[in-house]
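I opened this entry to look at how two chains meet.

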There are 2 protein chains.
Amino acid sequence: MLMKNERILLVNRPKGTPEKSDFRFEATAIPELENDQVLVKTIYLSVDPYMRGRMNDTKSYVPPFELNEVISGGVVGQVIQSRSSELAEGDFVIGNLGWQKYNAVSDASVRKLDPSIAPLTTNLGVLGMTGLTAYFGLLDIGNPQEGETVVVSGAAGAVGTIVGQIAKIKGTRVVGIAGSDEKISYLKDGLGFDEAINYKTDDVYKALKNACPDGVDVYFDNVGGEISDHVLRQINKGARIAICGQIALYNLEKMDVGPRIQSQLLINSALMKGFIVSDYAAHFEEGAVQLAKWLKEGKLSYSENIVEGFENTVDAFLGLFSGENTGKQLVKVAEPENV
Amino acid sequence: MLMKNERILLVNRPKGTPEKSDFRFEATAIPELENDQVLVKTIYLSVDPYMRGRMNDTKSYVPPFELNEVISGGVVGQVIQSRSSELAEGDFVIGNLGWQKYNAVSDASVRKLDPSIAPLTTNLGVLGMTGLTAYFGLLDIGNPQEGETVVVSGAAGAVGTIVGQIAKIKGTRVVGIAGSDEKISYLKDGLGFDEAINYKTDDVYKALKNACPDGVDVYFDNVGGEISDHVLRQINKGARIAICGQIALYNLEKMDVGPRIQSQLLINSALMKGFIVSDYAAHFEEGAVQLAKWLKEGKLSYSENIVEGFENTVDAFLGLFSGENTGKQLVKVAEPENV
């Protein structure tokens with residue numbers, strides 16, 4: 001087999017918004033497999049907003065990426081060589097692997113996928129960490145009750161689209177906040193959100209006031225910053241706020257300053273909790289089964305934005321911060337092989 | 001019976017720190033009792049920081065006081081006339097009653113006290129709403145585990161002194177923040193806090209860093225503002241923050257602006273929850289029994305600051321905001337009668 005590996009290194013810690021020059025493509029050899037290792041050819045890789053946080057050299061929920069090392073994230077791939085008794089050539093697997101065309105990893109660091117259950121890409125989206133993030137953040141922290149009002153920011157993003165749909169399944173009024181009229185239409189007409197607000201053109205505070213006549217019971221926050229300030233001013237007694245992401249801040253160079261939220265939580269006996277999906281690792285199975293069930297029943301639809309070509313990975317990642325993508329952003333790196 | 005009532009009305013909504021001119025003393029007649037009513041002579045009344053919030057005409061956890069109406073709060077009194085089959089003359093009772101020398105109220109609006117169990121005043125403090133506030137905020141929201149570090153602000157106040165002691169009972173390292181060296185000594189030497197920080201003279205961030213070498217697992221917040229910012233920068237993964245009060249803000253005339261806390265909660269999967277003691281009304285009995293047990297066992301001590309004379313009620317209330325009192329602030333209005 002004569003193959004060359006290509007990989008993407010982080011070579012500068014971005015100041016503010018990442019730039020292409022913060023990354024470097026590098027060609028390398030493919031290592032020899034050791035015992036219990038498999039060589040995984042990358043089919044799809046996932047680019048996610050949280051990865052921006054790992055590019056800083058500061059404490060966060062996951063350790064920072066090392067400088068001049070390969071970046072890692074969610075990858076669906078195919079085993080093309082195996083020295084494992086668990087995995088055979090041709091098997092599809094998922095794991096947290098390097099942004100590279102080939103990963104040589106121990107069989108224990110990936111999980112085998114059954115491609116007959118659902119399209120491969122869903123394992124990185126609605127049935128993967130993205131779906132589980134929406135599932136546990138909304139249901140465990142938000143705990144939405146029938147008839148309540150749920151607001152989700154970053155509503156047209158990978159997580160937001162699923163949050164809104166699960167909230168509808170739970171019988172709530174769902175209001176999404178997103179950044180274009182196209183997204184607004186998609187949320188309302190495509191996904192059944194009750195209302196959607198374009199934060200770029202609407203007066204967010206007033207639009208929310210209209211969209212949430214009974215106030216806000218659950219807020220699923222993907223963005224932070226001023227958009228969230230407007231939501232938090234309208235929470236009800238006993239409100240629950242799940243902090244999933246703060247995309248408005250990831251590229252912020254100065255301290256994030258705004259109204260302190262404590263007195264608002266106090267007068268409403270409200271709860272605010274940050275989380276990362278791995279907090280719920282012990283319950284992943286339960287979540288995945290439920291999501292797959294809803295998907296099969298047609299209660300859950302998903303949206304993917306797939307960029308072709310490994311060489312476009314960095315652009316796909318940078319695009320997350322320009323607010324252009326709808327749904328889950330993936331990169332298709334290669335076609336599966338017929339084994 | 002020839003008695004005259006005296007009562008205290010709110011006559012202006014304070015802007016910023018309340019002033020004496022916001023209140024008016026008024027002499028009135030004592031109303032005739034109706035069926036099932038009792039006339040309660042005020043023995044002790046409680047002045048509490050949360051009452052400041054009720055002086056504003058804005059939504060809060062309890063409705064605002066009406067202008068030109070009598071202010072109400074926690075009162076321990078004695079029944080001196082009764083048209084109730086439940087309560088007899090001489091009975092001691094507690095209730096949320098007017099700041100007045102005599103309250104004519106239905107027997108259902110007060111609860112009978114047994115003065116042989118503990119001093120009457122403890123019903124407004126360690127065994128009353130104050131103690132229950134500390135108990136439920138710390139144990140339900142903070143959920144401190146042995147060996148963890150608990151920080152409490154407003155530590156020398158009525159609630160803070162009890163929070164710290166319960167946290168010690170639970171086997172945690174307890175660090176208090178208060179505003180004078182006298183208070184610091186009291187917390188450490190009198191109540192067994194592991195460390196205490198004087199926010200007026202110490203560099204709070206650095207002092208906390210030293211006092212909490214393993215970071216902060218639980219923060220019980222009575223004050224808000226910059227002191228809390230310093231604490232929140234040092235929370236651990238999985239931290240729990242109970243928002244009990246925000247005394248730094250009650251008299252603030254402008255919007256409370258500071259570092260937004262969301263990203264700090266996010267990277268630590270931390271929980272922040274506001275509460276008011278009435279959220280736990282269904283569990284008061286359990287809390288009161290446990291507090292009384294600890295008190296009897298000598299595990300809990302309490303500190304009271306008792307001002308004599310109804311005419312000093314407003315001064316006692318205003319004193320809460322100058323940071324001078326230690327422990328529970330009460331006003332003794334009258335001696336109990338021998339019936």
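**Conventions.** I worked on a predicted model, in which local features need pLDDT of at least 70 and side-chain atom pairs count only at pLDDT 80 or more, while totals for chains, interfaces and linings use all residues. Residues are numbered from 1 along each chain as its sequence is written, chains are lettered from A and ligands numbered from 1 in the order in which they are written, and side-chain values use heavy atoms, with hydrogens and water left out.

**Interface, extent.** I looked up the contact (heavy atoms within 4.5 Å) and found 37 residues from chain A and 37 residues from chain B in it. The size of an interface is often given as the accessible area lost when the parts come together. I therefore took the buried area as the accessible area (1.4 Å probe) that two parts lose on being put together, summed over both. Between chain A and chain B this is about 3,100 Å², with 56% from carbon and sulfur atoms. On the chain A side, R260(A), Q262(A) and L266(A) lose the most area to chain B, and together they make up 27% of what that side buries.

I counted six salt bridges between chain A and chain B, a salt bridge being a side-chain nitrogen of Lys or Arg within 4 Å of a carboxyl oxygen of Asp or Glu. In one of them, the side chains of D229(A) and R260(B) meet at 2.6 Å, N to O. For polar contacts I used pairs of N or O atoms within 3.5 Å; within protein, one must be able to donate a hydrogen and the other to accept it, and residues adjacent in sequence count only if both atoms are side-chain atoms. Between the chains, 14 residue pairs are in polar contact, both residues at pLDDT 80 or more.

**Which elements contribute?** I used DSSP runs numbered from the N terminus, with helices (H or I) of at least four residues and strands (E) of at least two. In chain A, α6 (225-232), β12 (235-243), α7 (247-250), β13 (257-259), α8 (262-267) and β14 (271-274) each supply at least two residues to the side that touches chain B. α8(A) gives the most, with five residues.

M272(A) stands opposite M272(B), and K273(A) stands opposite L271(B). Within chain B, β12 (residues 235-243) runs parallel to β14(B), joined by four bridges, and A242(B) has K273(B) as its bridge partner.

**Burial.** I took buried as under 20% relative accessible area, exposed as over 50% and partly exposed as in between (1.4 Å probe, protein chains only). Both faces of β14(B) are covered: L271(B) and K273(B) on one side, M272(B) and G274(B) on the other, are all buried.

**Single residues.** I checked S228(A), which lies in helix α6 of chain A and is buried at 0%. Its side chain makes a polar contact of 2.9 Å with that of D221(A). Positive phi without glycine came up at S269(A), near 45°, in the loop between α8 and β14 of chain A; S269(A) is buried at 7%. D36(A) has a positive phi of about 70° and counts as partly exposed at 42%.

Terms used:
Two strands pair if DSSP finds at least two bridges between them.
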